[in-house]
Amino acid sequence: MTGAIAVTDDGAVRIIRMNRPEKKNALTLAMYAEMTRALREANQSDVIRCVVFAGAPGTFCAGNDIADFLGAALGGGLDPRPLEFMRELVRNERPLVAAVGGVAVGIGTTLLFHCDHVVAATDATFSTPFLKLGLIPELASTLLAPMRLGYARAFSLLAMGRPLSAAEAKDAGVVNSVVDATAVDAVALKAAHEIAALPPQALAVARRLMRNHRDEVAERIETEAGHFAKLLQSDEARAAFQAFFARKK
Ligand code: COA
């Protein structure tokens, strides 16, 4: 485990907490690997029946670490760890709950399309500025966002990079409930225990049926990843990554 991902079990509920607040929980390659491991282990466990993704106070996740994008753009190539996490999310059979406070950027938002129950704080904001970085949306969000939000809202979020507030995300069907920031984790954990107490066999069948587009999701992740890898090497992407780190200097 890296210190930046804290994995704890509360009875039948596993909590995967992103904990790199000094960088707004931007995900490093090691953090992806740790989340993949924690999720896979939950899937194989006879005890864990539900998994919660949580963040640090005021920060859910600022997306992929842009330093890693820059490293890949400058010749390092695309590391497989983010893609392995995405594949694990699709393979995963455990219901997923998210407790979102503060910023949810990039994969911090697209991850939510794979969750079964999302609790957001009133201060939560959801954004996917992929295009502004010269990239395209990932994690099958090009499929799931239009399906879940409708095309107009999906284009505004995914292509134009316009953020959604917590209330808008609830209205769009991405978020189940909006609560005070201090209550997000507790409300999400309560929902997770409620889910974990459901009859596991019936739950597994119902969930599988409700996600009957799993093959399409898996395929879309690979298609997006192919485009993403090429765009990462583009001049416009490289310039956007460098501009991010130069912005305050
Ligand atoms: N990758 C790398 N570092 C990141 C990061 C990311 N995705 N997001 C934030 N950070 C770092 C900042 O560089 C800063 O580091 P520093 O203190 O060493 O300068 C630190 O985290 C705090 O971020 P800061 O921008 O000062 O906080 P803020 O509250 O003003 O803004 C965000 C928060 C999330 C809105 C802003 O950091 C941001 O836009 N981040 C980039 C998000 C993004 O584009 N992610 C990729 C999606 S595809």
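What is the order of the strands in the open sheet of 6 strands? The order is β1-β2-β3-β5-β7-β10, and the pairing is mixed.

## Basis of the description

This is a predicted model, in which local features need pLDDT of at least 70, side-chain atom pairs count only at pLDDT 80 or more, and totals for chains, interfaces and linings use all residues. Residues are numbered from 1 along each chain as its sequence is written, and side-chain values use heavy atoms, with hydrogens and water left out.

Helices (H or I, at least four residues) and strands (E, at least two) are DSSP runs, numbered from the N terminus.

## The open sheet

Strands of a sheet pair through backbone hydrogen bonds, either parallel or antiparallel. Here two strands are taken to pair if DSSP finds at least two bridges between them. β1 (5-10) and β10 (177-179) stand at the edges of the sheet; each has a single partner strand, so one side of each is left without a neighbour in the sheet. Neighbouring strands are turned by 20° against each other on average, direction ignored. Such angles are taken between axes, which are lines fitted to C-alpha atoms (for helices over the stretch in contact), and run from 0 to 180 degrees between N-to-C directions.

Strand β7 (residues 117-121) pairs with β10 in the parallel sense over 3 bridges, and β7 also runs parallel to β5, to which it is joined by 4 bridges. V119 takes part on both sides: its bridge partner in β10 is S177, while A99 stands opposite V119 as well. β7 is mostly covered, with 4 of its 5 residues buried. Buried means under 20% relative accessible area, exposed over 50%, and partly exposed in between (1.4 Å probe, protein chains only).

T8 lies in strand β1. This residue is partly exposed, at 43% relative accessibility. Residues up to four places away in sequence aside, T8 touches V13, R14 and I15, where contact means heavy atoms within 4.5 Å. T8 and V179 are 171 residues apart in sequence, and their C-alpha atoms are 23 Å apart in space.

## Helices against the sheet

Helix α1 lies across β1, β2, β3 (50-54) and β5 (96-100), and runs at about 175° to β2. A42 has its place in this helix and counts as buried, at 0% relative accessibility. Not counting residues up to four places away in sequence, A42 touches R14, I48, V51 and R94. From A42 to R220 the separation is 178 residues in sequence and 25 Å in space, C-alpha to C-alpha.

In helix α3 (residues 81-91), the buried residues include P82, F85, M86, E88, L89 and V90. Among the elements that cover the buried residues of α3 are α1, β3, β5, α4 (107-110) and α10 (214-232).

## The contact of α2 with α11

Two packed helices are described by the angle between their axes and the distance between the axes. The axes of α2 (residues 66-76) and α11 (residues 235-246) come within 9 Å and cross at roughly 140°. That makes α2 oblique to α11; angles under 35 degrees count as roughly parallel, over 145 as roughly antiparallel, 65 to 115 as roughly perpendicular and the rest as oblique.

On the α2 side, the contact is made by I66, A67, F69, L70, A73 and L74, and on the α11 side by R238, F241, Q242, F244 and F245. These residues divide into 9 nonpolar, 1 polar and 1 charged. Ala, Val, Leu, Ile, Met, Phe, Trp, Tyr, Cys and Pro count as nonpolar, Asp, Glu, Lys and Arg as charged, and the others, Gly among them, as polar.

Most residues other than glycine have a negative phi, and most peptide bonds are trans. K24 lies in the loop between β2 (13-18) and α1 (29-44), and is partly exposed, with a relative accessible area of 46%. K24 is also one of the contacts of T59; T59 lies in strand β4 (residues 59-61) and is buried, at 4% relative accessibility.

A140 likewise has a positive phi, of about 65°, although it is not a glycine. A140 is found in the loop between β8 (125-127) and α5 (141-149) and counts as buried, at 0% relative accessibility.
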